[in-house]
Amino acid sequence: MKKYYQENPLNAILIVAFMVRLVAVIFSQGYGMSDDHFLIVEVAQSWLDGRDDSQWLPGPTNPNAAATGHVLLYTGIHYYIFKILAFIGITEPNTKMLILRLLHALLSLVVVKYAFKITEKLSNINNAINVAWMCSLLWFIPMLSVRNLVEMVCIPPLIYGTWLIVNNDKKAVLQFMFAGFIAGLAFSIRFQTSTFIAGLGIVVWIQYKFKNALFYGIGVILSILVFQVSVDMYIWGKPLAEFMAYSVYNVDNAYNYIVGNWYNYLLLIGGILIPPVSIFIAYGFALSWRKHLILFLPALLFFAFHSAFPNKQERFIMPVVPFIIMAGLITWNEIKEKNTYLIKHKKFVDNSWKFFWILNTIVLIVLTPSSTKISRVNAMNYLSQKTDVNSFIFETSNSGTVLMPRYYLQKWVN
């Protein structure tokens, strides 16, 4: 095993990353936040059952329908997955969720692979190995990677699009266009990634000249036309209807959700990357603009937008975490090797990393197999076994409004 790891570090890391995610696939049931179930799974299943309880689409029950600002592509993919599973006879809700978690786990390995490749290309194999391990086993990543979270699902196209730019040694215009097309896919999954996508375009303009940036931009536009505009035109008869509705809704409701200070995400990154290692990475990221603008600027624009916007939920910042890790670790290690103070305090730096991996591993072991919102899922699973369920009532005076996942009930009762 040691010899295989030395000869094939990326493959070995991918195997470990998948095995850890497989634990989450099997044991981490339920859903994390309301959005990853009720805006994805619940809606897709209702469409499959010939309903539209959420009233996202025009139809007989919703004659005055208008775009509501939701990402129809990702939810639509789930609809077709459910349709295929139903065709082959798989209809049990928990089995379908197991399959979905497995598919998301496999998709998340794209992030590990290309974080390694980008880091190796910009730096060296040792930094690439460290980055890949962090993207594989950072305490919250395996569990979140199997969830239906658009904030996690949009990362693979962003990181692969970045890789296509970084690896374009011949400066081929068609590869820049393909990079834009892939990165643009992230927009149709998570609209806020537009700031990151724009940042990539600016860097291409600065480092690879205007013509290449133009082809990158054409790729982005083509992607949005294929994955976003075509859907909106088919359903609503006008382009970017969902994006415009989403923008209006978020501006109008900017203060109606979790509101935080501008520095909240700085504190969040400082916490989830575990200090003092998080300080090393943040320091490295802040100085990475000099040599690694391709990682720094897109992540900075995305980070700055979310820091300025009042509505701050932890998951919103997840798309740039791998990029902060890459840029931060590469630059930190470059600084560490030359800084006399850090050389003199090498033992403290080494012990900080030991502390990081010990604490990270403990939390990882606890969190990865854990289920969330499982009491609500279990309640619906229980009632689904009863033949006379026509409605149900639940008491929530201690917690406010709670949505119950009727997907598991397999009946759309009141």
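Guide: Cys-154 counts as buried, at 0% relative accessibility. Keep in mind that this is a predicted model. Now look for a partner. The closest cysteine sulfur to that of Cys-154 belongs to Cys-135, and it lies 14 Å away, too far for a bond. Cys-135 is buried too, with a relative accessibility of 3%.

To count as one, the two sulfur atoms must be within 2.5 Å.

Now step back to the whole chain. Buried residues make up 50% of its 414 residues. The chain has 21 helices and zero strands. Its radius of gyration is 22 Å, which agrees with the value near 22 Å that a compact globule of 414 residues would have. Along the principal axes, the C-alpha trace spans about 75 × 50 × 45 Å.

Next, the surface. The accessible surface comes to about 19900 Å². Carbon and sulfur atoms hold 66% of that area. The chain has 32 positive and 20 negative charges, and their mean positions are 11 Å apart.

Finish with the loops, where the backbone has some details to find. Go to the loop between helix H14 (264-272) and helix H15 (277-287), where Pro-276 is found. The peptide bond from Pro-275 to Pro-276 is cis, with omega near 0°.

Gln-55 is next, in the loop between helix H4 (41-48) and helix H5 (72-87). Gln-55 is not a glycine, yet its phi is positive, at about 55°. With 36% relative accessibility, Gln-55 counts as partly exposed.

Then find Leu-240, in the loop between helix H12 (194-236) and helix H13 (241-252). Leu-240 is not a glycine either, and it has a positive phi of about 55°. Its relative accessible area is 27%, so Leu-240 is partly exposed. Compare that with the cysteines: Cys-135 is buried at 3%, and Cys-154 is buried at 0%.

Methods
Residues are numbered from 1 along each chain as its sequence is written. This is a predicted model: local features need pLDDT of at least 70, side-chain atom pairs count only at pLDDT 80 or more; totals for chains, interfaces and linings use all residues. Side-chain values use heavy atoms; hydrogens and water are left out. Buried means under 20% relative accessible area, exposed over 50%, partly exposed in between (1.4 Å probe, protein chains only). Helices (H or I, at least four residues) and strands (E, at least two) are DSSP runs, numbered from the N terminus. The radius of gyration is taken over C-alpha atoms; the globule rule is 2.2 Å times the number of residues to the power 0.38. Accessible areas come from the Shrake-Rupley method with a 1.4 Å probe; for residues, only the protein chains shown count as cover. Lys and Arg count as positive and Asp and Glu as negative; His and the chain ends are not counted. The place of a charge is taken as NZ of Lys, CZ of Arg, CG of Asp or CD of Glu.
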